[in-house]
Amino acid sequence: MSVTHCTITEQYFSRTAKSAELARAARGIFPNGVTHDARNFEPHGIYVTRAVGSRKWDIDGNEYVDYGGGHGSLLLGHNRPEIVAAVQEQLTKGTHFGSNHELEVRWGQLVQEMIPSAERVRFTSSGTEATLLGMRLVRAFTGKPKILRFTGHFHGWHDHAAFGVGSHFDGSPSPGVLPGIAENIVFAPPWDIDQTRRVLEEHDDIASVFIEPTGSSWGQVPVMPEFLSALREITAERGVLLVFDEVITGFRVSPGGAQAEFGVTPDLTTLAKIIAGGFNGGALVGRKDVLDWIDLEASAEAGNEKIAHHGTYNANPISAVAGITMLEIVRDTDACRQANDYAQRLRDAMNSVLADEDVNWSVYGTFSGFHIFTNPEDRDITPEGIAEGKFDYHTLKVPPQPGLIAKLRMGMMIHGADPFVWPGGVTSTAHTDEDLNITAEAFRGALKLLKEEGEL
Ligand SMILES: Cc1ncc(COP(=O)(O)O)c(C=O)c1O
């Protein structure tokens, strides 16, 4: 049997035998055999041994154009030489001082300089920690218990953010989350400002609104910039704190994040990923009077009980030096624009492939991202229509075709490009014209295979 007559899954298996073997071993160690829910993949994920620039190689020797980008943290691609050199030098000087150090000051100053809302900065070890700290602070500051979240928006995996993202859209707690926590989270649809205003009016005990400013999961369910300005107005009117979760968008949409790009300054901002140059790290930044609740003297002066905040790896020197190097490049070059331009050209090229192949899907997105919409109801669509909110989170975020999407991803991987799970991806300054051609042709190859299998 020639390779072209094998099914997508058979071809994938034959190319990834060593990954399949490791996946079998991993299933005896890790739940589902994986170490992050986004890495769940049937029949098995690839095991990567090396990555440089825009490419990565798996243990079977296959090469891929990568669109996972270290979960979005690698705006400059894998192993950017300046970051590697800075980290290598720091490794010889010490990896963890367990005390203050000059790098954290320089890192914090850069964040303050680049992010408009950052009057004060507190480093954390991850985005989840940043949003968790943010939720505690807004409650302490306002003396109110509730948080308004937008349905489908992701703020990490802690208890206050664990439901209403890919399931439990009714706001009920997912297993393990205390009902008392869920009762204090209220939801609004992320495109309806009137409904959002009504929710704020109905609950006078809302401390804060959290939002992913370009829409949930990196704009998979888009939010319009006008929505952000309106949200700023209605929260300011009511004394409700506005928090932008810029864990992905920070330093990616623009050097100053979505807030600089759209000219809307929130009260607080959560950051992670790019901030630490591809290493672990995050930050809660924002108004001084709010972050003063972590400040010993300011709390004492105001008669407040200081909020405790620890974290063994907060501002560790490796993340700090990688973060400084990354942020200086983002600040001093057109890195964001390069990644954005590539993504726009990629979306266009993939939509041309869809037109050539007469497939009624759409590739949409903004800035340095793309999302592949498989249009399960075969509706009349354009990327612009999706951006204007014609589809809600049920359709866009939890596409009812997991089997098809897995085959699409495998089909693209067989042809040398690896989109991220949802399916879509992030682009970087390292992506080239050659990568673009490989990816467009991988998309075409995957569509042809799906047609051969009767999926299209
Ligand atoms: C918008 C947003 N907030 C929070 C998080 C959680 O960040 P972390 O994975 O660093 O805990 C993520 C992670 O992807 C995210 O995209």
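Reader: Hi! How do S5 and S6 pair, and over how many bridges?

Author: Strand S5 (residues 146–150) runs parallel to S6, with four bridges between them. Strands here are DSSP runs of type E with at least two residues, helices are H or I runs of at least four, and both are numbered from the N terminus. Two strands pair if DSSP finds at least two bridges between them.

Reader: Nice. Which residue in S6 is the bridge partner of Phe150?

Author: That would be Ala188.

Reader: And what kind of model am I looking at?

Author: A predicted one: local features need pLDDT of at least 70, side-chain atom pairs count only at pLDDT 80 or more, and totals for chains, interfaces and linings use all residues. Residue numbers start from 1 along each chain as its sequence is written.

Reader: Thanks. Back to the sheet: what is the strand order?

Author: The order is S4-S11-S10-S9-S7-S5-S6, seven strands in an open sheet with mixed pairing. Strand S4 (120–124) and strand S6 (185–188) are at the edges with a single partner strand each, so one side of each has no neighbour in the sheet. From one strand to the next, the twist averages 20°; angles run from 0 to 180 degrees between N-to-C directions, with axes fitted to C-alpha atoms, for helices over the stretch in contact.

Reader: Which strands does helix H5 lie across?

Author: Helix H5 (residues 102–114) lies across S4 and strand S11 (282–286), at about 125° to S4.

Reader: Changing topic: is Asn316 buried or exposed?

Author: Asn316 is buried, with 25 other C-beta atoms within 10 Å. The cut-offs are 20 or more such atoms within 10 Å for buried, 12 or fewer for exposed, and partly exposed in between, with C-beta atoms placed from the backbone.

Reader: Where does Asn316 lie, and what does it touch?

Author: Asn316 is in the loop between helix H13 (296–302) and helix H14 (317–332). Leaving out residues up to four places away in sequence, Asn316 touches Thr95 and His96. Contact means C-beta atoms, placed from the backbone, within 7 Å.

Reader: How is the protein divided into domains?

Author: There is domain 1 (3–78 + 335–452) and domain 2 (81–332), with bounds from an automatic or database domain assignment. Their centres, taken over C-alpha atoms, are 28 Å apart.

Reader: How many residues are in contact between them?

Author: 25 residues of domain 1 are in contact with 24 of domain 2.

Conventions
Contact = placed C-beta atoms within 7 Å.
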